[in-house]
Amino acid sequence: MTRERKYDHWIKEISGNIPLVIAGPCSAETEEQVLKTAIGVKKARGNVLRAGIWKPRTRPGNFEGVGAIGLEWLKNAGKETGLLTATEVANPTHVELALQHDIDILWIGARTTVNPFAVQEIADALQGVDTIVLVKNPVNPDLALWIGALERIEKAGIQKLGAIHRGFSSYKKMKYRNEPLWQIPIDLKTKYPSLPIINDPSHISGKNEMVFDIAQTAIQLKFDGLMIETHINPPKAWSDARQQVTPEQLDEIITRLEIPKDRAFDPALLKSLKLLRDEIDELDRDLIEILAQREAKTKEIAALKFLENISIYQKERWLDILNKTQNFAQEKQIDKNFINQIYRLLHQESLKIQHQVFKEKEQE
Ligand code: PEP
Ligand code: MN
């Protein structure tokens with residue numbers, strides 16, 4: 001992949017200058033469900049009909065997709081409504097069958113992107129094919145692995161490439177099904193400015209009532225499109241029931257979305273932004289100045305500990321700092337979790353510096 005190469009011509013052809021909307025059920029279930037959803041997606045101004053045909057389920061025993069018969073339904077629903085069609089492929093047979101059924105867009109799922117052997121087999125099956133391929137982020141937050149999968153597909157000769165940001169899994173309890181970690185897709189876009197990135201608020205949120213907010217954030221961050229799971233009767237869906245919206249809700253989401261205007265040329269706005277950014281720059285200097293002062297104090301403390309032969313890590317003091325800074329964060333109405341993370345980093349750095357001081361003193 002290169003910074004200069006243009007990857008985005010295909011998306012502009014489909015949706016023009018507004019975000020691309022890919023919508024449809026998590027899984028194709030019946031011919032009627034696929035067609036009815038397609039009609040709803042078309043009415044809601046979607047561009048592409050999605051449906052999973054082979055479903056990668058975390059544990060066995062759940063519905064694993066209807067298989068190749070669903071490709072017929074998808075193809076027919078696309079023809080009937082004029083929507084393009086998209087499905088997930090996880091191995092060369094899937095690629096072959098999807099291409100035989102003229103599916104317009106193939107995507108590689110998050111659980112496949114993690115495996116370079118699997119991605120390479122898909123890439124080999126795509127040699128010489130002119131189709132659109134989207135690569136979902138791997139389940140773990142690893143930008144290099146995501147880029148590696150995109151590169152394997154590009155090396156096979158695919159020019160119409162794109163990425164899908166579906167969030168990252170985590171063992172911790174959180175409000176998301178998959179944590180967005182927005183910095184990762186932003187870093188991808190910074191590296192490859194023309195690579196279209198589509199946000200999947202459904203798999204990030206895991207809950208249909210959260211889909212709008214995540215979609216809106218993505219659009220504010222200049223993502224190129226959205227993939228929203230849509231089902232005619234979400235509570236009865238055979239997979240991912242909790243996160244799917246109805247076609248009517250999809251319509252409402254698209255209507256409510258605020259697409260930021262490109263006002264980079266408005267001189268008044270540029271001036272206000274510049275003033276605020278100058279102030280932020282100054283605050284950043286102050287922050288670093290204070291961190292340097294804090295570091296100097298850390299070194300003084302380390303020298304004293306060395307003299308008195310007491311251990312570097314002092315549990316009580318650390319708990320005291322955590323407690324005080326949490327209270328202060330609350331007073332200042334700053335997210336306590338954010339402050340907690342910053343102090344963990346500071347403490348880690350402080351321990352490192354104190355060890356260095358000890359080493360230097362030992363050599364004196
Ligand atoms: C899907 O899109 O239905 C899917 C299985 O997604 P992911 O690969 O992001 O888990
Ligand atoms: Mn799904």
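Trainee: What covers the buried residues of helix α10?
Mentor: Their cover includes β7 (197-199), α9 (201-205), β8 and α11. The model is predicted: local features need pLDDT of at least 70, side-chain atom pairs count only at pLDDT 80 or more, and totals for chains, interfaces and linings use all residues, while side-chain values use heavy atoms, with hydrogens and water left out. Residues are numbered from 1 along each chain as its sequence is written; chains are lettered from A and ligands numbered from 1 in the order in which they are written.

Trainee: Why is α10 called largely enclosed by the rest of the structure?
Mentor: Seven of the ten residues of α10 (residues 211-220) are buried, and the helix is therefore described as largely enclosed. The buried residues are Val211, Phe212, Ile214, Ala215, Gln216, Ala218 and Ile219. Just after α10, Lys222 takes a positive phi of about 70°.

Trainee: Which residues are in contact with Ser239, its neighbours within four places in sequence left aside?
Mentor: Cys26, Ser27, Lys55, Arg57 and Gln244 are in contact with Ser239, where contact means heavy atoms within 4.5 Å.

Trainee: Why is Asp240 called buried?
Mentor: The relative accessible area of Asp240 is 18%, and therefore the residue is buried; Cys26 is buried as well. Asp240 also has a positive phi of about 45° although it is not a glycine.

Trainee: Which residues are the closest to ligand 1?
Mentor: They are Arg50, Lys55, Ala110, Lys136 and Arg166, among 13 residues that surround ligand 1; a residue is near a molecule if one of its heavy atoms lies within 4 Å of it.

Trainee: Where does Lys55 approach ligand 1?
Mentor: A polar side-chain atom of Lys55 lies 2.9 Å from an oxygen atom of ligand 1. At Lys136, a polar side-chain atom is 2.8 Å from an oxygen atom of ligand 1. Ala110 contributes a polar backbone atom, 2.8 Å from an oxygen atom of ligand 1. Taken alone, ligand 1 exposes 300 Å², of which the protein buries 97%; such areas come from the Shrake-Rupley method with a 1.4 Å probe.

Trainee: Is Thr85 buried or exposed?
Mentor: Thr85 has 2% relative accessibility and therefore counts as buried. Thr85 is found in strand β3 (residues 84-88). Leaving aside its neighbours within four places in sequence, Thr85 is in contact with Val48, Leu49, Leu74, Gly78, Asp102, Ile103, Asp104 and Ile105. Of these, Asp102 is found in the loop between α4 (92-100) and β4 (105-108), and its phi is near 55°, a positive value in a residue other than glycine.

Trainee: Why is Phe328 called partly exposed?
Mentor: Its relative accessible area is 49%, and therefore Phe328 is partly exposed. Phe328 is placed in helix α13 (residues 315-331). Phe328 and Ile339 are eleven residues apart in sequence and 9.5 Å apart in space, C-alpha to C-alpha.

Trainee: How many helices and strands has the protein chain?
Mentor: The protein chain has 14 helices and eight strands, defined as DSSP runs numbered from the N terminus (helices H or I, at least four residues; strands E, at least two). Of the 364 residues in the protein chain, 44% are buried. The chain exposes about 20500 Å², and carbon and sulfur atoms supply 53% of it. Among its contacts between residues at least 6 apart in sequence, 72% join residues at least 24 apart.

Terms used:
Buried means under 20% relative accessible area, exposed over 50%, partly exposed in between (1.4 Å probe, protein chains only). A polar contact is a pair of N or O atoms within 3.5 Å; within protein, one must be able to donate a hydrogen and the other to accept it, and residues adjacent in sequence count only if both atoms are side-chain atoms.
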